[in-house]
Amino acid sequence: MMEDSLALPLWLDALIAILFLGGAVVALLGSIGLARMPDFYMRLHGPTKASTLGVGATLVGSMIWFGVGHPGLSVQEILITVFLFATAPVSAHMMGRAALHRRVACRERTHGEPWDEM
């Protein structure tokens, strides 16, 4: 026998769908940017900016879905979101600084070298 499913209001279903689909599209664009950007410094933007926003939107949609549809507070999504938003910028900063320290080459048409401005 099937459980009774909770019927959510149409606007809430639409909001959750927009968050899931928007998050998936933004994460996909971030992944494509990671694969297609020409040098290391530009590739940092794909996973740190777009993919973080995409995964964050998906997690917010999941928090709304499980928060409304099931009793109790879902702490897992909150912890994942906090961990993601705290570690992604820090790791990108560390990789960027390591690349500057190692003098990783830029794209040919870049004006100047990034380590000259330090």
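Is Ile78 buried, exposed or partly exposed, and what is its relative accessible area? With a relative accessible area of 35%, Ile78 is partly exposed, and its place is in helix α4, which covers residues 75-102. The structure is a predicted model, and its protein chain of 118 residues contains four helices and zero strands.

**The chain as a whole**

- Read from the N terminus on, the elements of the protein chain follow the order α-α-α-α, in keeping with a count of four helices and zero strands.
- Of the 118 residues in the protein chain, 27% count as buried, while the accessible surface of the chain comes to about 8700 Å², of which 70% belongs to carbon and sulfur atoms.
- Among the contacts in the protein chain that have a separation of 6 or more, 66% are accounted for by residues 24 or more positions apart.

**Confidence of the prediction**

- The average pLDDT of the protein chain is 83, and 86% of the residues score at least 70.
- Confidence is highest in helix α1 (residues 10-36), at a mean of 92, and lowest in helix α2 (residues 40-43), at a mean of 84.
- Where pLDDT is low, the predicted coordinates should not be read in detail.

**Helix α1 and its residue Leu12**

- Helix α1 has 27 residues and reaches 38 Å from its first C-alpha to its last, which is close to the 39 Å expected at 1.5 Å a residue.
- The buried residues in α1 are Leu12, Ile16, Leu19, Gly23, Ala27, Gly30 and Gly33, and the buried residues of this helix pack against α3.
- Leu12, which lies in helix α1, counts as buried because its relative accessible area is 8%, a value under the 20% cut-off for buried residues.
- When residues up to four places away in sequence are not counted, Leu12 touches Ile64 and Val68.
- Leu12 and Ile64 are 52 residues apart in sequence, yet their C-alpha atoms are 8.6 Å apart in space.

**Helix α3 and its residue Leu53**

- Leu53 lies in helix α3, which covers residues 45-69, and Leu53 counts as exposed because its relative accessibility is 54%, a value over the 50% cut-off for exposed residues.
- Leu53 and Val26 are 27 residues apart in sequence, and the distance between them in space, from C-alpha to C-alpha, is 7.0 Å.

**Helix α4 and its two kinds of surroundings**

- Helix α4 has 28 residues and reaches 40 Å from its first C-alpha to its last, close to the 40 Å expected at 1.5 Å a residue.
- The buried residues of α4 are Glu77, Thr81, Leu84, Ala88, Ala92, Gly96, Ala99 and Leu100, and the buried residues of this helix pack against α2 and α3.
- Thr81, whose place is in helix α4, counts as buried because its relative accessibility is 10%, and Thr81 touches Leu59 and Met63 when residues up to four places away in sequence are not counted.
- Ile78, by contrast, is partly exposed, and together with Leu73, Val75, Leu79 and Val82 it forms a nonpolar patch on the surface, with about 480 Å² of accessible area together.

**The segment after α4**

- Helix α4 is followed by Arg103, which lies in the segment after α4 and is exposed, with a relative accessible area of 52%.
- Most residues other than glycine have a negative phi.
- Arg103 has a positive phi of about 55° although it is not a glycine.
- Val104 also lies in the segment after α4, and Val104 is partly exposed, with a relative accessible area of 29%.
- The C-alpha atoms of Val104 and Asp39 are separated by 9.0 Å, although these two residues are 65 residues apart along the chain.

Terms used
Residues numbered from 1 in each chain as written. Predicted model: local features only at pLDDT ≥ 70, side-chain atom pairs only at ≥ 80, totals over all residues. Heavy atoms only, no water. Patch = residues over 30% accessible without salt bridge, like charges linked within 9 Å, V, L, I, M, F, W, Y side chains within 5 Å. Areas by Shrake-Rupley, 256 points an atom, 1.4 Å probe, with all protein chains shown as cover. Salt bridge = Lys/Arg side-chain N within 4 Å of Asp/Glu carboxyl O. Buried < 20%, exposed > 50% of the residue type's maximum accessible area, 1.4 Å probe, protein only. pLDDT = per-residue confidence, 0-100. Contact = heavy atoms within 4.5 Å. Expected span 1.5 Å × (residues − 1).
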